Amino acid sequence: MGDGLDSGQDAEVTDARREFAEELRSARELHDPRPLSQEALARLLRTSKSTISRVETCKGPIPPEFPAKFDEVFGTDGKFKRLHEEIVARSFPSLFRQRMALERSAVAIREWSPTIVPGLFQTADYARHLLAAGAPRASEQEITRDVNNRLHRQTLLAGDTPPDVCVVLCESVLRRRFCPPDVMRRQLKVLVEAGKRPTVRIQVLPLDAPGSLFIDWPVSLITSPNHAVSVCVETYKTANIINEDDHVLAALRTYDELTSEALSTRESARMIEEQMESLS
């Protein structure tokens with residue numbers, strides 16, 4: 001997802017940013033009982049006037065915590081959060097937008113990864129090394145945008161009603177060293193902490209486990225509020241959403257097999273911690 005924006009996609013993102021900026025200026029000017037200056041709004045958000053100015057002039061990324069704070073200050077019932085989500089959605093290549101929409105409304109997410117830590121749990125440094133390696137010609141601005149978008153996805157885990165998330169990682173994910181040891185150590189610590197959440201379950205599949213239908217690629221099984229399950233499969237430059245009943249049932253059976261072959265959550269946490277110590 002770090003391939004940069006094409007011209008049409010760039011225009012879509014720009015339009016969404018302008019709409020966000022216009023709504024922010026309007027909310028400031030129409031604030032009751034009196035209009036808010038940029039400086040006054042900055043004080044309420046404990047930030048700088050220049051930061052508010054950059055948001056209103058579409059310069060640089062919108063800090064991910066700002067939309068919810070704007071909604072709180074202006075009493076806009078989630079308007080700025082929705083506008084920001086639209087900006088992020090348009091930043092992703094069209095291939096991945098349906099998956100992002102499914103993820104935002106999911107009640108349950110099952111993840112399998114044979115190679116890397118899933119995006120929902122990546123640290124900024126880990127994501128930066130991964131994205132930079134995958135897009136060596138991307139500018140620093142493009143990499144920063146993609147890292148911010150990936151981190152924004154994680155806000156759904158901190159909401160009032162986060163989805164239940166089950167993750168099965170191949171043991172190779174823990175041992176892969178495409179980033180410096182200190183970056184990987186912090187990433188593994190985040191995994192351990194994530195596994196302590198009541199809505200998150202993390203298991204590790206040992207290297208000597210039997211092969212499966214999913215062995216070659218990462219797969220996500222996303223359950224919607226109406227309990228329909230979509231299977232999302234990503235390969236190079238390709239993202240497929242599979243909804244056919246037979247294929248979904250086969251994917252669910254395969255995931256159950258993975259979880260039964262994987263280490264328990266306690267044993268998995270111990271293995272992750274041991275790998276952290278080996279990187280010290």
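This is a predicted model: local features need pLDDT of at least 70, side-chain atom pairs count only at pLDDT 80 or more; totals for chains, interfaces and linings use all residues.
Residues are numbered from 1 along each chain as its sequence is written, and side-chain values use heavy atoms, with hydrogens and water left out.

Although Asp77 is not a glycine, its phi is positive, at about 50 degrees. Its relative accessibility of 68% makes Asp77 exposed, where buried means under 20% relative accessible area, exposed over 50%, and partly exposed in between (1.4 Å probe, protein chains only). Cys58, likewise not a glycine, has a positive phi near 60 degrees. Cys58 belongs to the loop between helix 3 (49-56) and helix 4 (66-74) and is partly exposed, with a relative accessible area of 29%. In the loop between helix 1 (7-29) and helix 2 (38-45) lies Pro33, which is joined to Asp32 by a cis peptide bond with omega of about 15 degrees.

## Overall fold and dimensions

The protein contains twelve helices and six strands. Its radius of gyration is 20 Å, close to the 19 Å that the globule rule gives for 280 residues, so the protein is as compact as a globular protein of that length. The radius is taken over C-alpha atoms, and the rule is 2.2 Å times the number of residues to the power 0.38. The C-alpha trace spans about 65 × 45 × 40 Å along its principal axes.

Of the 280 residues, 44% are buried. Contacts (heavy atoms within 4.5 Å) between residues at least 6 apart in sequence join residues at least 24 apart in 70% of cases. The protein exposes about 14900 Å², of which carbon and sulfur atoms supply 49%; the areas come from the Shrake-Rupley method with a 1.4 Å probe, and for residues only the protein chains shown count as cover.

## Nonpolar cores

A nonpolar core is a set of buried Ala, Val, Leu, Ile, Met, Phe, Trp, Tyr and Cys residues joined through side-chain atoms within 4.5 Å. The largest such core has 46 residues, and Trp112, Phe121 and Leu191 have the most contacts inside it. Helix 10 (residues 181-194) contributes the largest share of this core, six residues. Another core, of 19 residues, lies apart from it and includes Ala27, Ala40, Phe74 and Leu83.

With neighbours within four places in sequence left aside, Phe121 contacts Gln154, Leu157, Val165, Val167, Gln187, Val190, Leu191, Ala194 and Val200.

Thr123 occupies the loop between strand 1 (108-113) and helix 7 (124-134) and is buried, with a relative accessible area of 16%. Its side chain reaches the backbone nitrogen of Tyr126 at 3.1 Å. Not counting residues up to four places away in sequence, Thr123 touches Leu151, Arg186, Gln187 and Val190.

Helix 8 (residues 140-153) has 14 residues and reaches 20 Å from its first C-alpha to its last, close to the expected 20 Å; the expected span is 1.5 Å times one less than the number of residues. Buried residues in helix 8 include Ile143 and Val147, together with Arg145, Asp146, Asn149, Arg150, His152 and Arg153.

Technical notes:
Helices (H or I, at least four residues) and strands (E, at least two) are DSSP runs, numbered from the N terminus. A polar contact is a pair of N or O atoms within 3.5 Å; within protein, one must be able to donate a hydrogen and the other to accept it, and residues adjacent in sequence count only if both atoms are side-chain atoms.
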